[in-house]
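Let's take a friendly walk through this protein chain. Keep the picture open beside you as you read.

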Amino acid sequence: MKKIGIDIDGVLTDVYNWYLINGREYAKSIDKHLINDKAYDARGMFDLTEDEFADFIDKKIWDYAANEPAKKDAKEVLKQLSKNEYELIIITARYKADKDNEQGIKMRECVKRWLDNNELKYDQIIFSRDKKKICEDNHIDIMFEDKPSTIVELSEYIPVICFNAPYNENIEGDNIYRVYDWNEVCNIVDSLK
């Protein structure tokens, strides 16, 4: 059975537009504005300092974690992949979820509840910032990812399905397969068998 690693933010959710909308609101409150609409997160979009970004995330992350909708067709595609006997492993670096404290426990529970509420099929979930190690340790065959540096790093040894976003448009390589929506996923996964 092949193992598929699946990121959440930017893959199962549209985190880019969430950052753009919510980041703009926060930036306006501290007299900043959009400077780069192709940045990976609100730090680069609105030139937020690390402290400002942490403040923004602390104020907004819980609503996002509980209520951000799953991307269109993700539920159906994950069910189909499971039916086709792929093992689906969520691998996420979600803010605070990898911490062994009250906030980390709360975020992990929130993520699991969100996955269940959106009926997103998975076999296992791993909370970690070191996706390369997790992929190696768990013998992941294919990774679904959006973060440019992670795509490049992982594509050196496994195929990566890159979920298109403005911040990763220039990422390409032999082991990188770009998709624009979830409906394109099954054909690429099947071609990689």
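## A buried charged pair

K131 counts as buried, with a relative accessibility of 6%; buried means under 20% relative accessible area, exposed over 50%, and partly exposed in between, using a 1.4 Å probe and protein chains only. Together with E145, D7 and K131 are linked in a network of salt bridges.

This is a predicted model, where local features need pLDDT of at least 70 and side-chain atom pairs count only at pLDDT 80 or more, while totals for chains, interfaces and linings use all residues. Residues are numbered from 1 along each chain as its sequence is written, and side-chain values use heavy atoms, leaving out hydrogens and water.

## A partly exposed pair

Which residue meets E169 in a salt bridge? The partner is K38, at 2.8 Å from N to O. E169 lies in the loop between β5 and β6 and K38 in the loop between α1 and α2 (42–46), so parts that are 131 residues apart in sequence are tied together. Both ends are partly exposed: E169 has a relative accessible area of 41%, and K38 has a relative accessibility of 45%.

## The sheet

Now look for the strands. There are 6 of them in an open sheet, in the order β3-β2-β1-β4-β5-β6, with parallel pairing (two strands pair if DSSP finds at least two bridges between them). Helices (H or I, at least four residues) and strands (E, at least two) are DSSP runs, numbered from the N terminus. At the edges are β3 and β6 (176–179), each pairing on one side only.

Strand β2 (residues 87–92) and strand β3 (residues 124–127) share 4 bridges, and I89 has Q124 as its bridge partner in β3.

## The nonpolar core

The largest nonpolar core has 53 residues, of which L12, L81, F144, W182 and V185 touch the most other members. Such a core is a set of buried Ala, Val, Leu, Ile, Met, Phe, Trp, Tyr and Cys residues joined through side-chain atoms within 4.5 Å. Helix α1 (residues 15–29) gives this core its largest share, 7 residues. Another core lies apart from it, with 14 residues, including I89 and I126.

Technical notes. A salt bridge is a side-chain nitrogen of Lys or Arg within 4 Å of a carboxyl oxygen of Asp or Glu.
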